[in-house]
Amino acid sequence: MNPVLVTTARVYRGSQYVRINVESIDNKFCDTFDPRCIRYWIDVAPIELTQFDDSDRLNFLFVFNAINFCYWGDPKWAVEYRGERYDGAWGMMVALKRALDDGIPILDAKYLSNLTHGELATILRGDGELPLFDARLQILREVGNILHRKFGGRFSNVVKLAAGDTLKLLDIVTHEFPSFNDFASYRGYKVYFHKRAQLLIADIYRSFKGQGVGNLHGIEQLTCCADYKIPQVLRKLGILEYATELADKVDNKVIIPHGSTEEIEIRANTIWAVEFIKSKLKSKSVQIAAMDIDSYLWLLGQNKSPTDKPYHRTYTIFY
């Protein structure tokens, strides 16, 4: 079983700051949910990944997910590409594609292992400040070095090593590439989240439509990706409820420290809220994976409203 699901269960059961409103799952989500509306986020992304051959596509998804985290700021970092403006994950995706257009070999593991501050600044140039820039530089050097030294520079070799087993691929990615090993300590024991690693695997599966290198069995064992957008949407839907103390911090944009009890409980309850949604939908004969609900909620969160409450602010490389 996915260690994310196993370890977050204890957090869900013992949470003091976050609660899942099961009635809202029934009344505000499942009763009106239309599975025909599900789209996977990468299918509506601004970059068409089929333009790459299989090996380059895997390297692109790997590099992208290695630095796909922490975009919030004021003003928010944004990128101009072909006359359009993008921020967040889509901003990162177009920044990487723009680099390739400019002849910068960001898919070359050896190049990444020796990446300089100035080179990354050029790659990620945009408006506003991108948080944790130095952490992104360190991560790209790390993954480039490991990919070059141990896997011949190609992430396809990592995928082959898993032999089509989703959880084995998750284990390889989180053990071979330390920056993907997303865990925290809660009341003395380890809790795994593995947001970026799980999203990477889901992206591979969806980008290749479950065929070829994307033919991964056990894909349904992935959980949702516990970030800051999914809990924001779940809270808006009345599915996640915060204790007054935590709600005041989130609504006033007070930093919630990474690894704090409050942050861990937000993330763990996000995962279990999606699991309960999945279970309820299956009771209505809707066969769906957690990653599909995740994508549905993430895209729902792109429809911003002035009345939306803020998402929690945490400086972290993990989401």
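Helices here are DSSP runs of H or I with at least four residues, strands are runs of E with at least two, and both are numbered from the N terminus. This is a predicted model, where local features need pLDDT of at least 70, side-chain atom pairs count only at pLDDT 80 or more, and totals for chains, interfaces and linings use all residues. Numbering runs from 1 along each chain as its sequence is written, and side-chain values use heavy atoms, without hydrogens and water.

Start with α1, residues 3-14. Its twelve residues reach 18 Å from first C-alpha to last, close to the 16 Å expected at 1.5 Å a residue. The expected span is 1.5 Å times one less than the number of residues.

At the start of α1, a side-chain oxygen of N2 comes to within 2.9 Å of the backbone nitrogen of V4.

Which residues of α1 are buried? V4, L5, T7, T8, A9 and V11. Buried means under 20% relative accessible area, with a 1.4 Å probe and protein chains only. Their cover includes β4 (183-186), β5 (189-192), α10 (195-207) and α13 (261-283).

Next, the hairpin. β2 (78-81) and β3 (84-87) pair antiparallel over four bridges; pairing takes at least two DSSP bridges. E80 has R85 in β3 as its bridge partner. Two residues lie between the strands, and R82 in the turn has a positive phi of about 50°.

Last, two helices. The axes of α11 (229-236) and α14 (290-301) come within 9 Å and cross at roughly 80°. So α11 is roughly perpendicular to α14; that label covers 65 to 115 degrees. Axes are lines fitted to C-alpha atoms over the stretch in contact, with angles from 0 to 180 degrees between N-to-C directions. Contact means heavy atoms within 4.5 Å. From α11, K229, I230, V233 and L234 meet D294, L297, W298, L300 and G301 of α14.

Definitions and conventions
Buried means under 20% relative accessible area, exposed over 50%, partly exposed in between (1.4 Å probe, protein chains only). A polar contact is a pair of N or O atoms within 3.5 Å; within protein, one must be able to donate a hydrogen and the other to accept it, and residues adjacent in sequence count only if both atoms are side-chain atoms. Angles under 35 degrees count as roughly parallel, over 145 as roughly antiparallel, 65 to 115 as roughly perpendicular and the rest as oblique.
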